[in-house]
Amino acid sequence: MLDRPSGCPVKGGLRVGTRGWGSYRTIMAAVRAAEPGSLISIQPGTYAENVVLDREVTLVAEKGPGSVRLIGARGPTLTVLAPGGQVRDLVIDNSDGDPSITITTGAMVLDGCEITGGQVRVTGTAAPVLRECRLHHTGDIGAYLGGDSAAVLERTEIADVGSAGVYIGQGAAPELRQLSVTRTDGHGLRWSGSSCGVADQCQVTNTGAAAVAVDGTATPLLRECRIGEGSAAGVVVTGQSGTVPGTAADSAADDSEDGDKEDNGTFGVVLHDCTITQTARDGVHVTGQAIASLLDCRISDVGATGVLVGGSGRLRLDRTTITDTTDTGLAASGTAQVDVRGGAVLRASANGVFVSESARLTLTGCEIGDTAFTAVHVGGHCAVTIRDSALHGSREHGIRAAEDAVLTVADTTIEDAGLSGLAVDGADLSARRCRVTNVRTGISLNTEHRPLIDDCEVTETIGPGIDFSAGTSALVVDTRIAETGAAGVFVRERSAVWLTDCSITDTKGTGMVVQERATPRVRGLTIARTGKNGLYVADHAAGQYEYCDISATAYPAVYMGAGATPLLRGCLIHDTDETLRCADDAHPVFEACRAEDVKDGGLPNGGDEESAPGAIPLFNGAKATAVGAATPRPGAASASTNKPSPPDAAENLSEVLKELEALVGLDGVKQDVSTMVEVMQMVKQRTEAGLASPPLSRHLVFAGNSGTGKTTVARLYGRILAAVGLLSRGHLVEADRGDLVGEYVGHTAPKTTAAFRRASGGVLFIDEAYALTPTGQGADFGREAVATLVKLMEDHRDDVVVIVAGYPDEMERFIGVNPGLASRFTRTLVFEDYDSAELVRIVEWQARQHEYELTDATHAALLDYFGALTRDDRFGNGRTARQTFQRMTENHAKRVVKMTTPSTENLVRLLPEDLPATPG
């Protein structure tokens with residue numbers, strides 16, 4: 001039988017039918033006969049052939065969708081090589097698993113087609129349109145879009161495929177509009193390579209792997225998409241996705257209300273106004289070196305973490321809500337950087353926000369509430385900034401910062417927390433203009449750092465307003481504590497906090513409790529309406545309390561425990577029943593303090609008998625010393641200076657120098673510091689005498705190996721400068737390259753300036769400073785940081801002291817890279833490595849602190865142990881000693897736990913066998 005009949009084509013085109021007069025028997029025969037632009041009408045039936053469209057024609061099923069079935073074998077069923085044309089209402093199948101359709105060029109339109117048996121494969125520069133099509137049971141992939149193609153898939157359904165509904169690879173840039181992808185064993189949409197493109201109003205559900213996966217350097221934009229109901233994650237972005245600018249996703253900045261490319265750099269992979277819900281695992285997971293942005297998105301009912309960022313990924317969340325997560329709402333780890341603006345994290349079954357390792361997170365204008373664990377948990381070495389936010393309804397803490405994290409909180413409200421509103425355990429904190437209310441403990445601090453609490457408010461607590469744990473130091477300025485269920489401020493053993501211009505009112509307990517060996521410095525504190533004492537100084541506690549106002553206390557306004565030695569200067573106690581009660585052997589010192597409108601007793605008056613009528617009641621044989629003259633009420637100005645009298649700097653200097661001298665080793669450093677202190681004192685004396693001062697360089701280089709005490713000495717140096725009056729605060733701000741160097745043009749100078757400003761009145765300590773000027777990278781932003789730093793040091797020479805630290809050889813190179821550095825850092829303190837005997841002394845100190853004992857044999861074994869250690873670049877000096885002690889206590893525990901009834905000696909004595917094995 002002839003393939004081509006003798007009849008003519010139907011009007012307007014050619015006709016194909018399996019039987020009948022006046023038609024072609026095969027589609028391919030009609031294509032060969034057709035002129036470009038021809039219409040080929042196909043009668044119902046099944047056509048077993050492979051069709052190649054090498055010219056622009058239109059194939060249409062004459063009786064509508066599903067009436068014509070084209071089945072190919074051994075190759076693509078339909079191959080498109082034409083520049084255009086249309087295929088409408090055909091069922092295109094492949095019996096051998098090869099592609100059902102292959103398109104390598106042109107702008108073919110497939111309209112209302114059903115594709116099954118094999119994938120649609122678009123490559124080259126093809127730009128086809130698939131409109132209202134249905135792809136199902138096509139093997140591993142529904143549609144493969146590769147090459148530099150620019151396909152459009154519109155109102156099309158893809159279902160029941162093995163690996164990916166749509167795979168976009170290489171440099172493809174498709175437009176997916178109102179696409180539905182469902183029931184895939186793998187991903188719904190997957191971008192890879194350097195692809196990009198837009199998915200608009202798409203729906204991706206019921207996937208076996210992540211519904212949307214992006215890797216390589218792909219940069220897609222997803223807009224108004226609905227993603228979820230799958231057995232894995234919602235969106236996974238990994239590799240270097242989003243790192244290539246100039247793609248479709250970059251335009252997302254123009255679609256947001258406040259989009260600002262300069263503010264955020266490359267937007268990366270963008271999800272705009274998308275909904276991600278009912279996923280079995282994370283809602284959004286960004287990792288690798290990927291960059292992504294979520295704008296106006298909604299993430300809810302996910303089976304794990306709402307948004308998880310790891311690796312060195314970067315994520316921006318704008319006005320995005322995360323609700324009802326089985327795990328944490330938002331988590332960041334690794335060296336990830338996350339910027340959250342607006343939006344909310346609500347009803348998380350774990351933490352609201354969890355940040356760990358070395359991640360960096362900024363929350364601005366956010367709401368975080370109703371969490372099963374802590375609203376915001378910060379740990380590791382991360383840096384977190386929270387601004388203008390509201391945290392509420394957490395069953396644990398409002399914010400908890402642990403380990404070596406750095407937390408900055410400003411203009412934020414924390415309320416309804418089951419534990420502390422703000423808890424610090426080992427981390428560093430700066431809190432400004434915050435409000436903490438309706439929590440168990442307002443603020444709890446347990447850290448070796450010196451946190452700052454400035455202009456904050458703590459109210460309606462079940463327990464203390466602010467609780468300083470043993471050994472903690474902090475600076476609290478202009479802060480108000482009110483309506484506490486226990487003490488307003490609780491200063492525990494050995495704490496050395498500073499409170500300036502604060503108030504404590506309406507407490508059910510004592511206003512301020514100072515426990516044993518604590519030495520707070522308090523100035524301008526108002527205490528009123530307390531349920532117990534105003535100020536309670538426990539046995540053997542001390543401290544300085546200047547210009548304080550204490551009134552309306554239910555118990556004696558001031559209580560002194562046995563052996564207590566506080567100094568009260570210029571204080572006023574008034575409108576209360578009892579002024580002072582002292583226990584046995586208390587030795588308080590009063591300088592010009594007064595009592596007014598009290599029912600029982602007065603205060604020592606500084607020797608001016610006429611200014612304080614009445615007897616001074618001192619109970620149980622305690623002794624009080626009165627010195628000085630009467631002073632104005634708290635807050636009044638000195639007649640000569642118009643400022644309050646300064647604290648007793650000489651006493652404080654002596655205390656700090658004692659701490660320095662108590663450090664193990666560092667003899668050369670101690671001698672250098674002592675010499676500088678003498679010069680500073682002489683400079684101050686000459687200045688006060690009106691004489692010219694000799695040149696004084698306060699900026700220092702600390703050169704030494706890891707673990708030699710550089711940070712510790714830097715902190716003491718700042719306190720020394722404050723004690724001699726050369727710095728107003730003396731606090732330490734630690735910084736490294738990440739705190740000073742930006743990631744794009746125009747970012748470095750503001751970051752460096754911000755770090756410098758945090759150190760105002762104190763010391764900016766830059767560890768591993770040589771990282772600012774890496775060798776062989778002349779265009780690195782670190783050099784801009786150095787130039788900015790040099791100018792700031794010149795403009796604010798009296799406000800900030802800068803210490804740069806690092807390995808000796810590297811520091812010498814660093815100082816030489818900029819003439820301004822060499823002229824400002826003229827003195828180097830060399831931190832020598834600890835010898836074996838000094839390392840043993842560090843272990844002994846650690847043992848005493850933790851109530852352990854070392855036998856003579858253990859002491860000798862430690863000497864041998866440290867002598868055998870290899871002292872290479874990995875040797876940690878003091879850190880090695882501390883780690884050794886920790887290992888010894890672990891080995892000791894393993895040994896003692898096997899004893900049936902260990903004695904006290906067994907529990908405290910460390911033996912030679914408790915030493916760890918010598919490395920190597």
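At what angle do helix α8 and helix α9 pack, and how far apart are their axes? Keep that question in mind as you open the structure, which is a predicted model.

**Stop 1: the whole chain**

The chain has 920 residues, and buried ones make up 54% of them. Now colour the surface by atom type. The accessible surface comes to about 37300 Å², and carbon and sulfur atoms hold 47% of that area. Contacts are next. Take those in the chain with a separation of 6 or more: 45% of them join residues 24 or more positions apart.

**Stop 2: helices α8 and α9**

Select residues 748-758 for α8 and residues 782-795 for α9. Here is the reply to the opening question. The two helices pack at an angle of about 40°, and their axes lie 9 Å apart. Angles under 35 degrees would count as roughly parallel and 65 to 115 as roughly perpendicular; α8 and α9 are therefore oblique to each other. Their crossing is right-handed.

Now show the side chains where they meet. On the α8 side, pick Thr 748, Ala 749, Thr 752, Thr 753 and Phe 756. On the α9 side, pick Glu 784, Ala 785, Thr 788, Leu 789, Leu 792 and Met 793. What kinds of residues form the contact of α8 with α9? Six are nonpolar, four are polar and one is charged.

**Stop 3: Thr 116**

Move to strand β12, residues 114-116, and select Thr 116. Is Thr 116 buried or exposed? Its relative accessible area is 7%. Buried means under 20%, so Thr 116 is buried. Next, show its contacts, leaving aside neighbours within four places in sequence.

**Stop 4: Arg 88**

Go to strand β8, residues 86-88, and select Arg 88. This residue is partly exposed, with a relative accessible area of 27%. Which residues does Arg 88 contact, leaving aside neighbours within four places in sequence? They are Leu 59, Val 60, Ala 61, Asp 111 and Cys 113. Finish with a distance. Pick the C-alpha atoms of Arg 88 and Thr 58: they are separated by 7.8 Å, while the two residues are 30 residues apart along the chain.

Notes
Residues numbered from 1 in each chain as written. Predicted model: local features only at pLDDT ≥ 70, side-chain atom pairs only at ≥ 80, totals over all residues. Heavy atoms only, no water. Axes fitted to C-alpha atoms, helices over the stretch in contact; angles between N-to-C directions. Helix = DSSP H or I, 4+ residues; strand = E, 2+ residues; numbered from the N terminus. Parallel < 35°, antiparallel > 145°, perpendicular 65-115°, else oblique. Left-handed = near helix turned anticlockwise from the far one by under 90°. Contact = heavy atoms within 4.5 Å. Nonpolar A, V, L, I, M, F, W, Y, C, P; charged D, E, K, R; others polar. Buried < 20%, exposed > 50% of the residue type's maximum accessible area, 1.4 Å probe, protein only. Areas by Shrake-Rupley, 256 points an atom, 1.4 Å probe, with all protein chains shown as cover.
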